Amino acid sequence: MILAVDVGNTHIVLGALCRDSDKITFTAQISSDRGKTADEYAVLLQSLFALNGFDPRREAVEGSIISSVVPGLTPLLRQALEKLSGLPVLVVGTGIKTGLNILIDNPAQLGSDMVVMAVAAAAIYPKPVLIFDLSTATTLSVLDERGGYLGGMIMPGVRLGMDALSNSTAQLPHINLEAPKRLIGTNTVDCMKSGYTYGTAAMLDGIVQRVEGKLGKKATVVATGMLAQSIVPYCRCGIAYDENLRLKGLRLIYLRNSERAK
């Protein structure tokens, strides 16, 4: 068993993964909190393990791996995992084998989350692949027919955009991100829901069309992230939703570096 932790700006996702298959025993999610200590995170993780009937010191756990886009949280989660499992922890970053050919101007600038998703997509899906991550930011990663990382796009996330809209206007409320009742809204809240849902879906459709035009061929399109499930059903270009793409990538990277983790 492998413990995998993906640390994002908004949420931290924990998963227990089988070494020899892509089976995921359980996943759990907590909020990213820069104010917590390593001990506090250890207590939180221990509670999540207990809720899922999992004891990392008794189960056949061989090690852990972390991907993080919040540098301040990385050592805290690493210490917490080491304390709970008594095992070494790999951190995705410099010196880690990923097997990904990164073709951007400065490969060191590519976030670990983007690396992890690309590794998973390159291994699982027909290439070329377009990967959308709808989280705090909305990002696109483009893999060519050989699995090389060509580059991508970074856009404001849906929640960020809606919060900015509400904060910058006098009469628009803060709303929950829920599915719209209809395409053409008939009240303020429904207009906002329709706007972010269909607007984001149309943006993804348009980006896919333009990138495929640039590549000169059709691509597999995959979406992940906490908001992807709400948007993908409204897209027209055919997008596969993969909730656990990051965890799958972390498993593959762990296996490629397993000797270092022992």
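What is the relative accessible area of Tyr198?

Reply: Tyr198 has a relative accessible area of 28%, and it is therefore partly exposed. The term lies between buried, which means under 20% relative accessible area, and exposed, which means over 50%, computed with a 1.4 Å probe on protein chains only. The model is a predicted one, in which local features need pLDDT of at least 70 and side-chain atom pairs count only at pLDDT 80 or more, while totals for chains, interfaces and linings use all residues. Residues are numbered from 1 along each chain as its sequence is written, and side-chain values use heavy atoms, with hydrogens and water left out.

The ring of Tyr198 has a partner. Tyr198 and Tyr234 form an edge-to-face aromatic pair, with 5.2 Å from centre to centre and 75° between the planes. Rings of Phe, Tyr and Trp (for Trp, the six-membered ring) pair if their centres lie within 6.5 Å; planes under 30 degrees apart are stacked, those over 60 are edge-to-face, and the rest are tilted. The pair links distant parts of the chain: Tyr198 belongs to helix α5 (residues 188-215), whereas Tyr234 lies in the loop between α6 (228-231) and β10 (240-241), 36 residues apart. Helices (H or I, at least four residues) and strands (E, at least two) are DSSP runs, numbered from the N terminus. Tyr234 also counts as partly exposed, at 25% relative accessibility.

The whole structure holds 2 aromatic pairs. In the pair of Phe26 and Phe49, the ring centres are 6.1 Å apart and the planes stand at 85°, so this pair too is edge-to-face. Phe26 is in strand β3 (residues 24-31) and Phe49 in helix α1 (residues 38-51), 23 residues away. Both Phe26 and Phe49 are buried.

α5 lies across β6, β7, β8 and β9, and runs at about 155° to β6. α5 also packs against helix α4 (residues 158-167) at an angle of about 145°, with the axes 11 Å apart. Axes are lines fitted to C-alpha atoms, for helices over the stretch in contact, and angles run from 0 to 180 degrees between N-to-C directions. The crossing of α4 and α5 is right-handed, a term for the near helix being turned clockwise from the far one by less than a right angle, with anticlockwise being left-handed. Val158, Met162, Leu165 and Ser166 of α4 meet Met192, Tyr196 and Thr200 of α5, where contact means heavy atoms within 4.5 Å. Of the residues in this contact, 5 are nonpolar, 2 are polar and none is charged. Here Ala, Val, Leu, Ile, Met, Phe, Trp, Tyr, Cys and Pro count as nonpolar, Asp, Glu, Lys and Arg as charged, and the others, Gly among them, as polar.

The strands under discussion belong to an open sheet of 5 strands, in the order β8-β7-β6-β9-β10, with mixed pairing. β8 (149-156) and β10 are the edge strands, each with a single partner, so one side of each has no neighbour in the sheet. Two strands pair if DSSP finds at least two bridges between them.

All 6 of the 6 residues of β6 (residues 129-134) are buried, so this strand is largely enclosed by the rest of the structure. Val129, Ile131 and Asp133 point one way from β6, and Leu130, Phe132 and Leu134 point the other way. In a regular strand the side chains alternate between the two faces of the sheet.

On one side, β6 pairs with β7 (residues 137-143) in the antiparallel sense over 6 bridges, and Val129 stands opposite Leu143. These two strands, β6 and β7, form a hairpin with 2 residues between them. β6 is also joined by 5 bridges to β9 (residues 220-224), and these strands run parallel. Here Val129 faces Thr220, and Leu130 stands opposite Val221. β9 is mostly covered, with 4 of its 5 residues buried. From β9 the sheet continues to β10 through 2 bridges in the parallel sense, with Val222 opposite Ala240 and Ala223 opposite Tyr241.
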